[in-house]
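Student: I would like to learn how to read a protein model step by step. Could we take one together and begin with the overall picture?

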Amino acid sequence: MAPNPTIAFIGLGNMGLPMAANLVKAGYSLVGFDTQPRQVDFPLADTAANAADTADIVVTMLPNGQIAKAVADSVLPAMAAGSLLIDCSTIDIESAGAIHATAKGASVDCLDAPVSGGAGGATAGTLTFMVGGEEQAFRRAEPLFQIMGSKAVHCGGPAAGQSVKIVNNMLLSTTMAGTGEAFNLGRKLGIDPQKLFDVMSTSSGSCWPVNAYCPVPGVGPESPADRQFEPGFATDLMLKDALLAQQAAHANEVATPMASQAATLFEQMQRSGMGEMDFSAMIKYLANQARPH
Ligand code: NAD
């Protein structure tokens, strides 16, 4: 690989565009591709394969596993043996495994590297990367992760990054639903939510949704609750990840009754028209539910 690798970046949406822009700002030579027209200050190719054929590293940031797999199938035949494919999309474990297998067949190194940190983290270059694949491929990608993010954890072999992302966000779905329930019950019992926060955030009920992302306006550090639940992390995206976890749990015959219920609740919340609100608006959705008798 050349000392200054050239990069193809495919999928220039809310996340991909600022990630690509940070690589360009750091001095990398980059060609982009998206199926939608994009106003960018770097060159664009007319197909994904044309973007990839002269690149040492191809990065993809796409909506779902079906699309990520189709794009990988179209770029891998154009990629030189020994080049590197990094898929940063959040996708199902089966599709991630299939991309690794196709890359191996083409003698291309491959990493699954989903992120947390949202569009704000993508713009600021402070994403966390959860990475699956061979150690030497991870080492090769580390300089890029350092530019696009502030932390990269090598989680294990192929698809381990997706597995960690899905498991973390599965837990988040249940802790956020539980936090909404707890504050709703506390309020009905006549307790000031600030007092609840003061106790829970330093007691056994402490968790990220209570301590760092409290769903009650004016309580705890600033959060989407202080901005009428403007995301943040949209309910639509939380539901996507919760359903990926259910798909993985089903495929591996793992009982996840709490997370299964949380996924159902986020699905109902989306159906009630709250999909574009921050996922912490679960507290509002739950407050409007009648208790079954
Ligand atoms: P997005 O919809 O804004 O961007 C996806 C881009 O992919 C779009 O520009 C779309 O036109 C393009 N695209 C679709 N099909 C394509 C194809 N065949 N070839 C080339 N481009 C194609 O989505 P996003 O918010 O940027 O999210 C991207 C990924 O990152 C998703 O997997 C998402 O789950 C994950 N993610 C998002 C966030 C977030 O807060 N937005 C946070 C963490 C992870």
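Tutor: We can begin with the secondary structure, where helices (H or I, at least four residues) and strands (E, at least two) are DSSP runs numbered from the N terminus; the protein chain here has 12 helices and eight strands. This is a predicted model, in which local features need pLDDT of at least 70 and side-chain atom pairs count only at pLDDT 80 or more, while totals for chains, interfaces and linings use all residues. Residues are numbered from 1 along each chain as its sequence is written, and side-chain values use heavy atoms, with hydrogens and water left out.

Student: Which residues have the most contacts inside the largest nonpolar core?

Tutor: A nonpolar core is a set of buried Ala, Val, Leu, Ile, Met, Phe, Trp, Tyr and Cys residues joined through side-chain atoms within 4.5 Å, where buried means under 20% relative accessible area (1.4 Å probe, protein chains only). The largest one has 29 residues, and those with the most contacts inside it are Phe9, Met19, Ile86, Leu111, Phe129, Leu144 and Phe145. Among the elements that give two or more residues to this core are β1 (7–10), β7 (127–133) and α6 (135–148), and α6 gives the most, with six residues.

Student: Which residues does Leu144 touch?

Tutor: Counting a contact as heavy atoms within 4.5 Å, Leu144 touches Ile7, Leu23, Tyr28, Ile57, Val59 and Ile86, if residues up to four places away in sequence are not counted.

Student: Why is β7 described as largely enclosed?

Tutor: Six of the seven residues of β7 are buried, so this strand is largely enclosed by the rest of the structure.

Student: How many bridges join β7 to β8, and do the strands run parallel or antiparallel?

Tutor: Two strands pair if DSSP finds at least two bridges between them. Six bridges join β7 to β8 (residues 149–156), and these strands run parallel; Met130 has Val153 in β8 as its bridge partner. By contrast, β5 (residues 109–112) is joined to β7 by two bridges and runs antiparallel to it, with Leu111 opposite Gly133.

Notes: Buried < 20%, exposed > 50% of the residue type's maximum accessible area, 1.4 Å probe, protein only.
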